[in-house]
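I opened this entry to record what I looked up in the model, beginning with the sheet and ending with the ligand.

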Amino acid sequence: MGKAERPHSAHYGVRSLSASAAYPSPERRVAQAVDALRHGWPLRIGDGLTLLPIETAAERATQSAQMLVSAARAETLRLGNQRAAAGGHHPVFIRAAEALDVRAALPIADPALDTANPLKGPFKALDLPWLAEAEAAMELARIAGILPAFLVDPDPAGEPVSLEPTDLAAWSAPINLSVATRAHLPIAREEEADIIAFRSANDMREHVALVLGEQTSDRPPLVRLHSECLTGDIFGSLKCDCGPQLDAALAAMSAEAAAGGWGVLLYMRQEGRGIGLINKLRAYRLQDEGVDTLEANQRLGLPEEARDFPLAARMLDLLAVREVRLMTNNLEKVTALENAGVKVIERVPHQLPSNPHNTRYLATKRDRAGHLLT
Ligand SMILES: Nc1nc2c(ncn2[C@@H]2O[C@H](COP(=O)(O)OP(=O)(O)OP(=O)(O)O)[C@@H](O)[C@H]2O)c(=O)[nH]1
Ligand SMILES: [Zn+2]
């Protein structure tokens, strides 16, 4: 028998476990907060703000006359005149004439109900005493993939998950990402390919990179940052250009590999420019009613663009890629990578033919989002 050594209790982390239960780390508090939002449990952010997510609220009988909504949502609720006073894009704290339960409050959260459900107004915009807390709530809703609207000081309050607004920075820091595994993955476009999977303890989304051809330090790779688009990548949706862009990027990298170079495709799980699949599909529904891709996000109270490009820089760093030839029409990606320490030695245009379903989408990207498209 080997040497039996009975570990001291500290080896099991008993002390640190109880300490972390009493004082959870910022990352743990955010993870618990995101989980709470998906379950519809309340949050307490900072010292004074207790919030219940209207969309998912587990306790349906909970009521409040006070709510927290995004600036864009407040505008749709005709609280637009108070918007400037509330600080432009800042969330808005509103009060209804009477307490509403979560069912009655849902039309405040969900723009899909704007035409069908008359709102139980009137509402009044109040001073927002906790700006950082309110902004953290909006960001947490985006991360959780739910509608960003909350009952404030709900009754009954329930047991809240507590966090500080500053906790988010530690949770999302790119340094948390590491390589989990790597394997050979011949694909239709290129048999000489590897897949590398990345993981962060905080975020359940598993990003991957494909390396096509042989990695060499002699030649900077052709690189594409592709953001997940389930509808375009898998189902061949015609509403966007993601599917053809993905395929064309792999084809170009394969040609590069055949010419002695190599390519790196980062497949980033930032669906819907970071608002998640369900909120993207909600945006599609609003687009069916006539608004464009950017307005749809705004009406949901979500950012037009919420992707984390420093995370892409971290993935490249972990792959030891310091210089890239970047395939994109979006100059924001170039700037974001450069700011995160990746040298973009060339921007390679990546425009694909349009179709009747995505012409408006592409025109909006060109005219309103500054993409270099013809
Ligand atoms: N919220 C939202 N996201 C969309 C919509 N259409 C496509 N997306 C997402 O947009 C992302 C792709 O971003 P795009 O803005 O098309 O292109 P880009 O990556 O910024 O720019 P390029 O590098 O030039 O292709 C994917 O995550 C898609 O899921 C939409 O109507 N609404
Ligand atoms: Zn798409």
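This is a predicted model: local features need pLDDT of at least 70, side-chain atom pairs count only at pLDDT 80 or more; totals for chains, interfaces and linings use all residues.

Entry on the sheet. I traced an open sheet of seven strands, with mixed pairing and the order S8-S9-S10-S12-S11-S13-S14. I noted strand S8 (178-184) and strand S14 (343-348) as its edges, since each pairs on one side only.

Entry on one strand pair. I then took strand S11 (residues 222-227) with strand S12 (residues 262-268); they pair in the parallel sense, over six bridges. For Val223 I found Val264 of S12 as the bridge partner.

Entry on the helices against the sheet. I recorded that helix H9 (residues 242-258) packs on the sheet and touches strand S10 (208-213), S11, S12 and strand S13 (323-327). The direction of H9 makes about 155 degrees with that of S12. Helix H14 (residues 331-339) also packs on the sheet, where it touches S11, S13 and S14. I noted about 165 degrees between the direction of H14 and that of S14.

Entry on ligand 1. Which of the 22 residues around ligand 1 come nearest? I listed Ser227, Cys229, Thr328, Asn329 and Asn330. I next looked up which elements give two or more residues to this shell, and found H9, helix H10 (271-274), helix H11 (277-288) and helix H12 (293-299). H10 gives the most, with three residues.

Terms used
Residues are numbered from 1 along each chain as its sequence is written. Chains are lettered from A and ligands numbered from 1 in the order in which they are written. Two strands pair if DSSP finds at least two bridges between them. Helices (H or I, at least four residues) and strands (E, at least two) are DSSP runs, numbered from the N terminus. Two residues are in contact if their C-beta atoms, placed from the backbone, lie within 7 Å. Axes are lines fitted to C-alpha atoms, for helices over the stretch in contact, and angles run from 0 to 180 degrees between N-to-C directions. A residue is near a molecule or strand if its C-beta atom, placed from the backbone, lies within 6 Å of it.
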